[in-house]
Amino acid sequence: MHRSRRLAVLGGAVALAAMLAGCSTTVHLEPAADANDPACANVSVLLPETVGDLDRVWTDAQATGAWGEPTVVLRCGVDPPAPSALVCTTLGGVDWLVLEQEEQRQRLVTYGRDPAIEVNIRRGEQVDFQSIVDTLSKSIQSGLAPATARCTDRVEFPAS
């Protein structure tokens, strides 16, 4: 292929990519401290296109995922939690600690996994928290680092 033709093809590809990028929304997120852990790359490629009725939106941070506007945000590479008396539940074969149940959000982190994964779900919308975390768990389970600890006292997922 002649040089000028290659440049034209490359220019067209760049223009198309810029046009498509202009149509999509990118959510700004802060990556977790250990987002560059290879296990996070394994998880990132397994993130689903939808959770519940929420479509995935693109993020600008490594090892993150978002769905909705974003209603659901996932970050891989957060510090693994120590054993605690917090609510611990198993969804989709993954143990989760319920860290914060605030008025504005529900925050969970995987238990017994290093690196850990954090999920934040915004409250105030009609979302099925259990279904969302179950879907995420099932999608990413094969990419997670093996569990080194398990919930010893599992409870049903708290009502939204």
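Visitor: What is the torsion about the S-S bond of Cys-88 and Cys-151, and which hand does it give the disulfide?

Guide: The torsion is about -50 degrees, so this disulfide is left-handed. Cys-88 lies in strand S6 (residues 88-91) and Cys-151 in the segment after helix H3 (129-140), so the pair ties together parts 63 residues apart in sequence. Some ground rules come next. This is a predicted model, where local features need pLDDT of at least 70, side-chain atom pairs count only at pLDDT 80 or more, and totals for chains, interfaces and linings use all residues. Residues are numbered from 1 along each chain as its sequence is written, and side-chain values use heavy atoms, with hydrogens and water left out.

Visitor: What is a disulfide, and how many does the structure hold?

Guide: A disulfide is a covalent bond between the sulfur atoms of two cysteines. Here the test is a pair of cysteine sulfur atoms within 2.5 Å. The structure holds two. Cys-88 and Cys-151 have their sulfur atoms 1.6 Å apart. Cys-40 and Cys-76 are joined with an S to S distance of 2.1 Å. The Cys-40 to Cys-76 link is left-handed, at -80 degrees about the S-S bond. Cys-40 sits in helix H2 (residues 38-44) and Cys-76 in strand S5 (residues 72-78), so this pair ties together parts 36 residues apart in sequence. In sequence order, the bonded cysteines pair 1-2, 3-4.

Visitor: How are helices and strands assigned?

Guide: They are DSSP runs, numbered from the N terminus: H or I of at least four residues for helices, E of at least two for strands.

Visitor: Are these cysteines buried or exposed?

Guide: Buried means under 20% relative accessible area, exposed over 50%, and partly exposed in between (1.4 Å probe, protein chains only). Cys-40 is buried, at 0%. Cys-76 is buried too, at 1%. Cys-88 and Cys-151 are both buried.

Visitor: Which residues of H3 are buried, and where do they fall around its axis?

Guide: Phe-129, Ile-132, Val-133, Leu-136, Ser-137 and Ile-140 are buried in H3. Seen down the axis, they fall within an arc of 130 degrees, so they line one face of the helix. The arc is taken over the directions from the helix axis to the C-beta atoms.

Visitor: Where is Thr-110, and which residues does Thr-110 touch?

Guide: Thr-110 is in strand S8 (residues 105-110). It is buried, at 0% relative accessible area. Contact means heavy atoms within 4.5 Å. Not counting residues up to four places away in sequence, Thr-110 touches Pro-81, Val-94, Asp-95, Trp-96, Ala-116 and Ile-117.
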